[in-house]
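Try each task yourself before you read the solution.

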Amino acid sequence: MTPEQARAALNAASRVAVLTGAGVSAESGIPTFRDAQTGHWARFRPEDLASPGAYHQNPALVWDWYAGRYRDVLAAQPGGAHLRLAELERRKGQGFFLATQNVDGLHGRAGSGQAGGRLVELHGNLVSGRDEVTGEIFPLPAPDELVTPPTSPRGHRMRPNVVWFGEFLPEDALADAQLAFAQAEVALVIGTSGVVYPAAGLAFKTLNRGGVVIELNPEATELTPHVTFSLRDVASRGLDTLMGPA
């Protein structure tokens with residue numbers, strides 16, 4: 001498949017499913033999970049900061065880590081890829097589905113999920129907390145007003161609203177994503193390494209039903225040998241190539 005054929009397939013599709021990873025937010029200056037472990041945090045393993053066991057042992061430490069990341073994502077702005085995917089949703093309407101592995105909330109701030117399509121945050125969202133007793137999700141206070149660990153409006157302690165090591169993805173969100181990719185005529189896999197399951201298996205839902213899978217990534221991934229077409233570029237330029245002029 002050529003870039004022109006990939007563009008034609010995307011333009012013609014009425015059902016499009018998209019999976020995004022850290023590469024989409026890299027252009028907004030959001031570091032990956034491990035890249036954010038610098039300075040004081042460099043001495044910690046990921047499991048020391050993002051697991052149920054770590055939180056049970058030292059909730060204050062875990063919240064200090066996430067409070068810093070929370071400040072970072074609020075200071076960032078949606079990049080070109082976020083904006084182009086919001087535009088693609090406006091083109092496709094109810095036939096558009098976006099599942100992201102990112103927890104920075106930038107897709108929503110760019111307008112995704114607001115033009116008839118669906119936005120599912122598979123790994124949660126840093127700008128909210130989850131009541132430890134009721135499971136309800138509430139927005140966090142502004143960074144300069146955030147006291148950690150925060151308390152929900154119900155009076156209970158809140159944990160970060162993210163999926164940690166050793167935890168399962170939300171069942172409903174994963175089921176919706178699996179159905180959307182199975183029904184998609186074209187699936188886009190953008191800026192993700194393709195090694196974190198079950199999200200990495202979504203593209204095969206499309207391929208097994210005879211759909212087209214287009215990968216956008218600067219480097220080859222474990223998914224590359226299986227997809228219909230791979231475009232070696234950063235997310236924003238790759239989407240410009242596939243979508244044409246804004």
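**Exercise 1.** Is Arg157 buried, partly exposed or exposed?

*Solution.* Keep in mind that this is a predicted model. Begin with the cut-offs: buried means under 20% relative accessible area, and exposed means over 50%, with partly exposed in between. Arg157 has a relative accessible area of 36%, so Arg157 is partly exposed.

**Exercise 2.** Find out which residue Arg157 meets in a salt bridge, and where the two partners sit in the chain.

*Solution.* Start with the side chains: Arg157 meets Glu132, with 2.7 Å from N to O. Next, place each partner. Glu132 lies in the loop between strand 4 (124-131) and strand 5 (137-139), while Arg157 belongs to the loop between strand 5 and strand 6 (158-162). The two are 25 residues apart, and the pair links distant parts of the chain.

**Exercise 3.** Now look at Arg154 and work out which residue it pairs with in a salt bridge.

*Solution.* The partner is Glu136, and the closest N and O atoms are 2.8 Å apart. Here too the pair links distant parts of the chain: Arg154 is in the loop between strand 5 and strand 6, Glu136 in the loop between strand 4 and strand 5, 18 residues apart. For accessibility, Arg154 has a value of 47%, so Arg154 is partly exposed. Glu136, at 28%, counts as partly exposed as well.

**Exercise 4.** Decide for Glu167 and Arg159, which meet in a salt bridge, whether each is buried or partly exposed.

*Solution.* The N to O distance for this pair is 2.8 Å. Glu167 has 26% relative accessibility, so Glu167 counts as partly exposed. Arg159 has 10%, so Arg159 counts as buried. Elsewhere, salt bridges that share partners join Arg84, Glu87, Arg91 and Asp240 into one network. The whole structure holds 10 salt bridges.

**Exercise 5.** How are helix 1 and helix 10 oriented to each other, and which residues meet?

*Solution.* First take the geometry: helix 1 (residues 3-12) and helix 10 (residues 235-243) pack at an angle of about 75°, and their axes are 8 Å apart. Angles of 65 to 115 degrees count as roughly perpendicular, so helix 1 and helix 10 are roughly perpendicular to each other. Then list the contacts: Pro3, Ala6, Arg7, Leu10 and Asn11 of helix 1 meet Thr241, Leu242 and Met243 of helix 10. Finally, sort these residues by type: five are nonpolar, two polar and one charged.

Technical notes: Residues numbered from 1 in each chain as written. Predicted model: local features only at pLDDT ≥ 70, side-chain atom pairs only at ≥ 80, totals over all residues. Heavy atoms only, no water. Axes fitted to C-alpha atoms, helices over the stretch in contact; angles between N-to-C directions. Helix = DSSP H or I, 4+ residues; strand = E, 2+ residues; numbered from the N terminus. Parallel < 35°, antiparallel > 145°, perpendicular 65-115°, else oblique. Contact = heavy atoms within 4.5 Å. Nonpolar A, V, L, I, M, F, W, Y, C, P; charged D, E, K, R; others polar. Salt bridge = Lys/Arg side-chain N within 4 Å of Asp/Glu carboxyl O. Buried < 20%, exposed > 50% of the residue type's maximum accessible area, 1.4 Å probe, protein only.
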